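I am keeping these notes as I look things up, one topic to an entry. The sequence and the structure come first, and my entries follow.

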Amino acid sequence: MKKISKLRRSAFASPLLLVLALFAIGTTFSVASATTKSELSVEQRSAQIAEGKNIFLKGCSSCHGLNLEGSAIAPSLIGVGAASVDFQVGTGRMPVADLSQQIARKEPVYNEEQTAALAAYVASTSIGPEIPNESMLNYERDGNTAEGGTLFRTNCAMCHNFAGQGGALTQGKYAPTLMGVEPKYIYEAMITGPQAMPVFADKTITPAEKLSIIKWIKAAENEPQLGGAALGRVGPVTEGLLVWTLGLGLLIGVAVWLATKAR
Amino acid sequence: MTARERVTGTVANYVDERTGAAKWMKKNLTKVFPDHWSFLLGEIVLYSFIILLLSGTFLTFWFDPSQREVLYDGSYEPLQGLHMSAAYASTLHISFEIRGGLLMRQIHHWAALIFMAGMVVHLMRVYFTGAFRKPREFNWIIGVGLLTLGIVEGFLGYSLPDDLLSGTGIRIAEAIIQALPVVGSYLAFFAFDGAFPGEAFIPRIFTVHVLLLPGIFLALITVHLMLVWYQKHTQWPGPGRTEKNVVGYPLMPAYMAKAGGFFFIVFGVTAFLGAVASINPVWLYGPYNPGQISAGSQPDWYMGWLDGLVRMAPPLESYIFGYTIPWNILIPGLIVPGILFTGMALYPFIESWITGDKREHHLLDRPRNVPNRTALGVMSLTFMLVALINGGNDIIATTFSLGINQVMWFSRIGIIVLPPIAFVITKRICLSLQRADRELVLHGRETGRLLMLPHGEFVEVHEPISPELAWKLTAHEQAPALELQDVDARGVRRAGGLKNKLRKRISQANAESIAKPTANDLKEIEHH
């Protein structure tokens, strides 16, 4: 104790504390204001766009056209923005494996760097929705679960089911499950409206509300199975199936057993 | 006399002196019931009804049947601070804060599904064995009534929590009420005390669900069982079993112990399901809001066929005198179910009209020996199954990577084409089985032992079957078709010619069977 109070009264105490305080403020500011994505220089950026164009011409242009103008089997990519490319290529939907009713999610063909290059190239040709950066996706901080649930039930549940398990659409199309989908892709899907999905513009559902929806989806995803086996969370169909197989199966089995034992 | 016997005797005597129960008990405790697993199916229904009464009573202690708006402040975080009805909030309260509440809710719901499924298998047993014939027609009608009320009662229970799924169901019920020509909208306003959803409907159906319908159930079940008691239970044909006796075990002690044990097993199975499998997770559905809907909104399975019929109906509407008649809801929602259930209730009378059989029957039919009835039953079940499949068309589509339109078109065509095919196939199978029975009686059992005769020919050794089995295979009667004359004894044409023609035609089809072996056939065989 004595030592500390002696130190406190020392002549160096005030300047030392001042230096420490300045250092602390400076560090906090630089950490808080730092963007997680390292900014690219102009040269790097043009190199990335050039690489993206290269990949595009090899892997995408046969359907989407040499100038992104689209064709009979593929839409024009003018104005779709980086977010759309990141979603479609990042989730493996593009390049497409088979042209069935709906293009399903699969292992991505291009790695992260190539995807970023493609996105940069498409975005360089026209203005469109941008890829949300990490600070825009902090749903834990900026979202509200209960509000997200209400928004989800109003805007999403009609296709994706009450618990985000997905559902059927017309003519073999479907709304995919939202379980295990990365927040970035959920966000991009909302702003770009891939395939049968409508676009939920920022005026319809604000960025904060989008984060609330994501927070609710993640809460549903991580919710423990409160009442026992969840049975797919698709409603009464699986419940009816279980009662006719396991339930009635057990009971009729017991009835047979009871009636034969007496002999 | 041991001390225990003395005490028992004293107690029994005390009760008997005051109630005179001894004589009645002596007679009825020794009442004989035949023993077969299929006779226990009705017990599944009875026991799940008791489970429903007990678990339902538990739920009413905390359930608040009110559509008053409250702010949720319970322990389920994803719904914190939302506006909802008191009914939904109290259902969440039961699920998350009442000890054992969620288990009880799940037991109640699983028991309801078992209750309905048990009714259907019990009905199938009674139908396919001909247990509905005279003198049991009234009990059959009571059974059909119980089934109908069960569907209504189940639907009301499903509607009570006021979550998104149950509200969607009520919305469809309202649409079906409104579909009634002319009176529809008035009836809907009456039921909901104004516009949908209002604040009156859930309190009203709560009273019906917990008071009126269970009361009617209790009364009908009591009459149903008293009639079984009074008319005695039917039995399978066999040596020593006639239309005038009942062969089986006395109620006390064997049957009583079995029935009591079976109750606990049914309770056990229901509690097991309630403990391990989630049913109707209302907290995930969220509070009802008419502006919201979930993909895959289905009713419970016993109404799934109705939903399936509505889903497959083509969009037909007429406009008459300024009224809209929505056939796309009227036909699948009211007319088809009405025809099905009326036909089912009247079936015992229809069959006795076809066969002209007015006698009492206490011996059951083996389904193969009445091919037409069996085929009609399978045909009806096929119809129901196709409708049920279409009720889950979206779930089937996503599960099996099909298009929902494909499933719907399969159902639309299948519901017309498949039942008649099922009828023909079933009838053919029944006749083949009759043929196999005849072979078995005449030529005996194939032993699989091959015998080489002195001249080199191989023959399989057949062993005669036991007399008990032979009795079982030949005990049924094969009534000929009705002989209906178009003219009476004086040569005058009888009234109702077309009706008679129809009756004759159906009766002929009904009498089609493989002749069972006669004593003469057997004698002839023995000469070989």
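Predicted model: local features only at pLDDT ≥ 70, side-chain atom pairs only at ≥ 80, totals over all residues.

**Entry 1: a pair of helices in chain B**

Sorted by class, the contact of α6(B) with α13(B) has eight nonpolar residues, one polar residue and one charged residue.

**Entry 2: another pair in chain B**

I next turned to helix α14 (residues 371-391) of chain B, which packs with α16(B) at an angle of about 160 degrees, their axes being 8 Å apart. With the cut-off for roughly antiparallel set at angles over 145 degrees, α14(B) and α16(B) are therefore roughly antiparallel to each other. The crossing of α14(B) and α16(B) is right-handed, and the residues of their contact divide into 19 nonpolar, seven polar and one charged.

**Entry 3: chain B as a whole**

Stepping back, I noted that chain B has 19 helices and eight strands, and that its C-alpha atoms fill a box of roughly 95 × 80 × 65 Å along the principal axes. Of the 528 residues in chain B, 37% are buried. I also looked at contacts in chain B between residues at least 6 apart in sequence, and found that 72% of these join residues at least 24 apart.

**Entry 4: where chain B touches chain A**

How many residues does each chain give to the contact between chain A and chain B? I found 58 residues from chain B and 52 residues from chain A. On the side of chain B, the elements that give two or more residues include α3 (41-60), α5 (101-128), α12 (301-312) and α16 (404-443). The largest share of that side comes from α10(B), with nine residues. By class, the residues on the side of chain B that touches chain A divide into 36 nonpolar, 17 polar and five charged.

**Entry 5: two domains in chain A**

The domain assignment of chain A gives domain 1 (42-125) and domain 2 (134-222), and the centres of these two domains, taken over C-alpha atoms, are separated by 23 Å. The contact between them takes 13 residues from domain 1 of chain A and 12 residues from domain 2 of chain A. On the side of domain 1 that touches domain 2, I counted out the classes as four nonpolar, seven polar and two charged.

**Entry 6: cis peptide bonds**

I looked up a cis peptide bond in each chain. In chain A, one joins M94(A) and P95(A), with omega about -5 degrees, and P95(A) has its place in the loop between α5 (81-90) and α6 (112-125) of chain A. In chain B, one joins F196(B) and P197(B), again with omega about -5 degrees, and P197(B) is found in the loop between α8 (184-192) and α9 (201-231) of chain B.

**Entry 7: positive phi in chain B**

Phi of V182(B) is near 65 degrees, a positive value in a residue other than glycine, and V182(B) lies in the loop between α7 (164-179) and α8 of chain B. Phi of N280(B) is near 45 degrees, likewise positive in a residue other than glycine, and N280(B) lies in the loop between α10 (251-276) and α11 (282-285) of chain B.

Is each of these residues buried or exposed? V182(B) has 11 of them, so it is exposed, whereas N280(B) has 25 and so counts as buried.

**Entry 8: one serine in chain A**

Last, I looked up S76(A), which lies in the loop between α4 (61-64) and α5 of chain A. S76(A) is partly exposed, because it has 14 other C-beta atoms within 10 Å. Not counting residues up to four places away in sequence, S76(A) touches L68(A), E69(A) and G70(A). The C-alpha atoms of S76(A) and L151(A), which are 75 residues apart along the chain, are separated by 31 Å.

Terms used:
Residues numbered from 1 in each chain as written. Chains lettered and ligands numbered in written order. Helix = DSSP H or I, 4+ residues; strand = E, 2+ residues; numbered from the N terminus. Buried ≥ 20, exposed ≤ 12 C-beta atoms within 10 Å, placed from the backbone. Contact = placed C-beta atoms within 7 Å. Nonpolar A, V, L, I, M, F, W, Y, C, P; charged D, E, K, R; others polar. Domains from an automatic or database assignment. Axes fitted to C-alpha atoms, helices over the stretch in contact; angles between N-to-C directions. Parallel < 35°, antiparallel > 145°, perpendicular 65-115°, else oblique. Left-handed = near helix turned anticlockwise from the far one by under 90°.
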